[in-house]
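Hi,

Here is the structure I promised to pass on.

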Amino acid sequence: MAHHDHTLDAHAHGEGMGVKRIWQVFGILLFITAIEFLVALGFVHHWQIVTKGAALYAFYIVLTLIKAYYIVAFFMHLKFEKKSFIITCSIVFIFIVYFIVLMLIEGNFLLNHLHEHPVYPNK
């Protein structure tokens, strides 16, 4: 009966994360978080160089999406999955975000266009 070492088999294919790669991803996430804190506490709050607005919120959203990509891809191991599974998860995520946006738009419309009722006032 042949002896087969499963630990060597996983590393032979080149998939997975080594300690060096984990620290690289940690460094990237730490750097992005430090940038977020520097902008929020330094540029916006303390020095008041940047004012709150759509551009600042878009900047935060982009940084948050980058961090979410690294977390999902490396720490949840989605980067090492088959492409069909990645596409399936991505499509589901896009639909969830789409439905959340639709519900927010619809809720805002109903809030602003419903008639007042004495028992249930619109507030």
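Glu36 counts as buried because its relative accessibility is 13% (buried means under 20% relative accessible area, exposed over 50%, partly exposed in between, with a 1.4 Å probe and protein chains only). Glu36 sits in helix α2; helices (H or I, at least four residues) and strands (E, at least two) are DSSP runs, numbered from the N terminus. Neighbours within four places in sequence aside, Glu36 contacts Tyr60, Leu63, Thr64 and Lys67, where contact means heavy atoms within 4.5 Å.

Before going on, a word on the model: it is predicted, so local features need pLDDT of at least 70 and side-chain atom pairs count only at pLDDT 80 or more, while totals for chains, interfaces and linings use all residues. Residues are numbered from 1 along each chain as its sequence is written, and side-chain values use heavy atoms, with hydrogens and water left out.

As for the overall layout, the protein has four helices and zero strands, in the order α-α-α-α. Of its 123 residues, 13% are buried.

Tyr70 touches Val25, Ile28, Leu29 and Phe75, if residues up to four places away in sequence are not counted.

Cheers
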